[in-house]
Amino acid sequence: FAGSVSTVAESGLEQSKIGIRVSQPIVNDVSLVARAETGFNPLSGQLTDACGALASNSGKTQGNQNANADSSRCGQAFNSVLYGGLSSPSFGTLTFGRHNSLQLEALVQYDPQALSYAFSFLGYSGFNGGAGSTEGARWDNAVKYALQSGPVHIAGMYSSGGQDTGLLGKSYAANVGVTFNGLSIDAVYENEKGAVNLRSSFDDAATPLPTPGLAAFISDDTSYNLMGKYTFEFGDSSQKDKLTVYAGYSHIEKAHGDYTVGSAQGSYPLSVGININNSAVYNMEWLGAKYALNSGWNFTGAFYHITQNSWSIGLGTTGTNGIGCSAAGLLCAGHFNEASFVVDYIFNKHYDIYGGVNYSQVTDGLANGFVGTTAGTSGSEAQTTVMWGVRVKF
């Protein structure tokens, strides 16, 4: 195929990771709980470090970059989560530390492809999980409270933000949901101040940056989300097959952020450009289904749709460094469609083998930097990915 690439890759179904969970009874029904986890690349043995990858590509035009993806995993010793606290069935769970955002936690439950890195936009981009800024998918310096009462569950989280984190300012979030028989529904709200948005360069001309340094703009993000799923069961009580249907909607708004200095996670210094001039609005919808057979076979199909309005960084249509809606493309209206199908055979709780295909098409402003677009503002690019592999859990 023209333009095709064959390669060995990792983490097709999920991020490769290692960690520990702690649940130690203290008194009555109160337990000490903790979780420490980090993601790594099993092909190199290195900790996942997207910030480092962006820094190494800083100053290169997009066509010459070998990596260009932001993430909340930036080489920290525990780049996933690290928290501890107290838990009680009666009074809920209170924890402190580095947490997944409430939005990311909900997506794990309601994405048909379970945030797969190979087959789900919600998984490999991290954009939705971070309420519009991938760096915001995990919150440092955060306190979280969660309570389950009958079919209803609630959660709230607050972060004071800080330097060397994905959120420079104060942020808060809330979640309320219900689970009844086969139905599960969650509504999530997030408000992030000073969210870091990294780029390997400010524009397609590769504006020089300090060394080391990462180009960034800072935004204040707000998101509203509604997600649901329903599970049908077939067969007798001992050998049930399950069909689960999923649907979700996210509305994300990115507004001007007042921060002009700071450091990215992993202590990479930021070169902050002109921040958002007018609000960016994204709408995301997805739906899908998973048929899980008692024999171990699983069949999953999903569809994702994203739209972006026209928004700009800088002044008018020209802007600083030539960045404006008509000039840079990243900032103009566009849409994205993705469809995927995966077959997964589970031998037991430790081993499974999978194969799948993912087709996506990105258009106009969302296609910034792709071959075949005009300054990133018009045109489209389609891509098909086929991947198979094995997963080991222990």
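Residues are called buried when their relative accessible area is under 20%, exposed when it is over 50%, and partly exposed in between, with a 1.4 Å probe and protein chains only. The structure is a predicted model, in which local features need pLDDT of at least 70 and side-chain atom pairs count only at pLDDT 80 or more, while totals for chains, interfaces and linings use all residues. Residues are numbered from 1 along each chain as its sequence is written, and side-chain values use heavy atoms, with hydrogens and water left out.

First, the chain as a whole. It has 394 residues, and 47% of them count as buried. Four helices and 16 strands are found in the chain; helices (H or I, at least four residues) and strands (E, at least two) are DSSP runs, numbered from the N terminus. A contact here is a case of heavy atoms within 4.5 Å. Among the contacts in the chain with a separation of 6 or more, 64% are between residues 24 or more positions apart. The accessible surface comes to about 18,200 Å², and carbon and sulfur atoms hold 60% of that; such areas come from the Shrake-Rupley method with a 1.4 Å probe, and for residues only the protein chains shown count as cover.

Next come the aromatic rings. A pair of rings is described by the distance of the centres and the angle of the planes. Rings of Phe, Tyr and Trp (its six-membered ring) pair if their centres lie within 6.5 Å, and planes under 30 degrees apart count as stacked, over 60 as edge-to-face and the rest as tilted. By this rule there are nine aromatic pairs. One of them joins Phe121 and Tyr124, which sit edge-to-face at 5.8 Å centre to centre with 85 degrees between the planes. These two residues are three apart in helix H3 (residues 121–124), so about one helical turn separates them. Phe121 is buried at 12% relative accessible area, whereas Tyr124, at 37%, counts as partly exposed. Phe127 and Tyr282 pair up as well: their ring centres are 4.8 Å apart and the planes stand at 65 degrees, so this pair is also edge-to-face. Phe127 belongs to the loop between H3 and S5 and Tyr282 to strand S12 (residues 280–292), so their pairing ties together parts 155 residues apart in sequence. Phe127 and Tyr282 are both buried. Elsewhere, Trp297, Phe299, Tyr345 and Phe347 make up one aromatic cluster.

On to the charges. A salt bridge is a side-chain nitrogen of Lys or Arg within 4 Å of a carboxyl oxygen of Asp or Glu, and the count comes to nine. Arg391 takes part in a salt bridge with Glu14, with the closest N and O atoms 2.8 Å apart. Since Arg391 lies in strand S16 (residues 380–392) and Glu14 in the segment before strand S1 (17–27), this pair ties together parts 377 residues apart in sequence. Arg391 is buried at 18% relative accessibility, while Glu14 is partly exposed at 25%. Arg391 also bridges to Asp344, where the closest N and O atoms are 3.6 Å apart. That pair links strand S16 with strand S14 (residues 334–346), which holds Asp344, across 47 residues; both partners are buried. A further salt bridge joins the side chains of Arg391 and Asp352 at 2.9 Å, N to O. Asp352 is in strand S15 (residues 351–364), so here Arg391 of strand S16 is tied to a part 39 residues away in sequence. Asp352 is buried, with a relative accessible area of 4%. Put together, Glu14, Lys17, Asp344, Asp352 and Arg391 are linked in a network of salt bridges.

Another arginine, Arg138 in strand S5 (residues 138–149), tells another story. Arg138 is buried yet has no salt bridge, and the nearest side chain of opposite charge, Glu37, is 6.3 Å away. For charge, Lys and Arg count as positive and Asp and Glu as negative, with His and the chain ends not counted. What Arg138 does have is a polar contact, side chain to side chain, with Ser72 at 2.7 Å, and another with Asn100 at 3.2 Å. A polar contact is a pair of N or O atoms within 3.5 Å; within protein, one must be able to donate a hydrogen and the other to accept it, and residues adjacent in sequence count only if both atoms are side-chain atoms. Beyond its neighbours within four places in sequence, Arg138 is in contact with residues including Arg73, Asn79, His99 and Leu104.
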